[in-house]
Amino acid sequence: MRGGTWIVIPGYNEQKAIGRTVAGLDDWLPRVVVVDDGSQDATAEAARIAGAQVVRHAVNLGQGAALMTGISFALSRGAEHVVTFDADGQHRADDIPLLLHAAVHQGADVVLGSRFLTRESAMPRARRLLLKAAVRYTNVTTGLRLTDAHNGLRLFTRRAAERLDLRHNRMAHASELITWLGRSDLRVREVPVEIFYTEYSLAKGQNAMSSLNILWDLWSGKLHH
Amino acid sequence: MIKVAVVALLLAVGLYGWRERKLSPVVGLATPSVAAFGIAMTLQPDAANVIAHVLGVGRGADLIFYLWTLLSALLIANIHFRLRLQKSMLTTLTRKLALLEAERGFASDDR
């Protein structure tokens with residue numbers, strides 16, 4: 001099972017959605033790994049039954065830490081490409097070939113999915129405004145020209161994944177990743193992807209308070225080593 | 001006698017802050033500075049009023065209160081940074097353990 005494209009799915013208390021999410025990725029099995037981030041429900045079991053490899057954190061660390069564990073696991077299995085994919089069913093498996101195409105045929109080291117490059121999806125207005133503001137802030141601080149800085153659907157070539165070392169465990173990892181990309185010499189491309197919003201996924205998503213927490217994490221992280 | 005105790009305490013706080021400079025340069029520099037200022041005010045309380053007026057603060061006692069607040073904030077910040085360091089170590093251990101267990105699971109599957 002060495003080489004190839006691995007799908008990494010970080011999950012915390014996603015028992016209700018993980019089975020369906022993994023089932024939607026059956027074309028990519030068995031190179032699908034779910035990182036159970038210290039869940040209190042049967043996320044790991046549901047993922048296993050659906051056919052995924054499972055790596056379990058003994059305690060809950062956060063999505064950033066879970067992604068790093070999943071990426072390390074995929075690299076140890078010889079992955080040539082690593083795709084990160086959300087557990088809550090927001091992403092489409094059909095978008096993965098688009099990311100791969102950008103990496104294989106357009107020379108990208110990192111491919112980011114963007115919901116704003118497609119027709120507008122049914123996103124709540126408040127969330128759209130928050131995300132657009134985050135993108136503007138990110139573009140100003142990193143020098144990148146992105147349209148969607150907080151989309152969990154991403155692809156890393158092995159070369160990029162080996163260099164990635166996220167220090168923020170929780171949601172600030174997304175901003176940390178973009179800052180890291182801005183400072184690196186890696187070639188970054190965006191491709192249009194679709195996001196499906198459901199009551200379940202919206203309840204799990206970010207809100208204004210989370211954004212303040214992310215800003216605090218990023219700022220306080222600068223004050224110490 | 002109380003002055004001796006206060007000076008000793010501020011000295012200890014200042015040394016503690018200096019010791020933390022590798023973890024946080026801000027705490028490492030600011031804490032000894034504020035502690036040194038506090039020691040000076042303790043030994044020369046009359047100077048507190050003079051300095052307070054220069055800084056636009058009403059009374060020397062108010063200036064000492066503000067310094068104490070600043071010192072407390074710095075020490076709380078340092079506790080925060082120490083906790084983050086502990087969290088970082090916990091993350092490393094948890095991730096390593098998860099990967100080792102997964103590898104063991106794979107090794108038994110391959111047999």
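I shall describe the two chains in turn, beginning with the conventions.

The model is predicted, and local features therefore need pLDDT of at least 70, side-chain atom pairs count only at pLDDT 80 or more, and totals for chains, interfaces and linings use all residues. Residues are numbered from 1 along each chain as its sequence is written, chains are lettered from A and ligands numbered from 1 in the order in which they are written, and side-chain values use heavy atoms, with hydrogens and water left out.

Let me start with chain A. It contains nine helices and seven strands; helices (H or I, at least four residues) and strands (E, at least two) are DSSP runs, numbered from the N terminus. Of the 225 residues in chain A, 53% are buried. Buried means under 20% relative accessible area, exposed over 50%, and partly exposed in between, with a 1.4 Å probe and protein chains only. Among contacts in chain A between residues at least 6 apart in sequence, 75% join residues at least 24 apart; a contact means heavy atoms within 4.5 Å. Chain A exposes about 10300 Å², and carbon and sulfur atoms supply 53% of that area. Such accessible areas come from the Shrake-Rupley method with a 1.4 Å probe; for residues, only the protein chains shown count as cover.

Next, the sheet. In what order do the seven strands of the open sheet run? The order is β3-β2-β1-β4-β6-β5-β7 in chain A, and the pairing is mixed. The edges are formed by β3 (53-57) and β7 (188-192) of chain A, each of which pairs on one side only. Two strands pair if DSSP finds at least two bridges between them. On average, neighbouring strands of this sheet are turned by 20° against each other, direction ignored. Axes here are lines fitted to C-alpha atoms, for helices over the stretch in contact, and angles run from 0 to 180 degrees between N-to-C directions.

Within the sheet, β1(A) and β4 (residues 81-84) of chain A run parallel and are joined by four bridges. One of the bridge pairs links V8(A) with T84(A) in β4(A). Helix α3 (residues 63-76) of chain A packs on the sheet and touches β1, β2, β3, β4 and β6 (154-157) of chain A; its direction makes about 155° with that of β1(A).

At 1.5 Å a residue, its 14 residues should span 20 Å, and its end C-alpha atoms are 20 Å apart, which agrees; the expected span is 1.5 Å times one less than the number of residues. Because 11 of the 14 residues of α3(A) are buried, the helix is largely enclosed by the rest of the structure. Those buried residues include G64(A), L67(A), M68(A), I71(A) and F73(A). After α3(A) comes G78(A), with a positive phi near 85°.

Strand β4 of chain A also holds H81(A). Is H81(A) buried or exposed? Its relative accessibility is 14%, so H81(A) counts as buried. Leaving aside neighbours within four places in sequence, the contacts of H81(A) include W6(A), L100(A), V104(A) and F156(A).

Turning to the loops, D148(A) is found between α5 (125-142) and β6 of chain A. With 2% relative accessibility, D148(A) counts as buried. Beyond neighbours within four places in sequence, D148(A) is in contact with G113(A), S114(A), R115(A), F116(A), V135(A) and E190(A).

Two backbone features remain in chain A. Most residues other than glycine have a negative phi, and most peptide bonds are trans. In the loop between β1 (5-11) and α1 of chain A lies N13(A), whose phi is positive, near 50°. N13(A) counts as partly exposed because its relative accessibility is 23%. The peptide bond from L29(A) to P30(A) is cis, with omega near 5°, and P30(A) is placed in the loop between α1 (15-23) and β2 (32-37) of chain A.

Finally, chain B. It has four helices and zero strands. The C-alpha trace of chain B spans about 80 × 30 × 20 Å along its principal axes. Its radius of gyration is 23 Å, whereas a compact globule of 111 residues would have a value near 13 Å; this radius is taken over C-alpha atoms, and the globule rule is 2.2 Å times the number of residues to the power 0.38. Buried residues make up 32% of the 111 residues in chain B. Chain B exposes about 7300 Å², of which carbon and sulfur atoms supply 71%.
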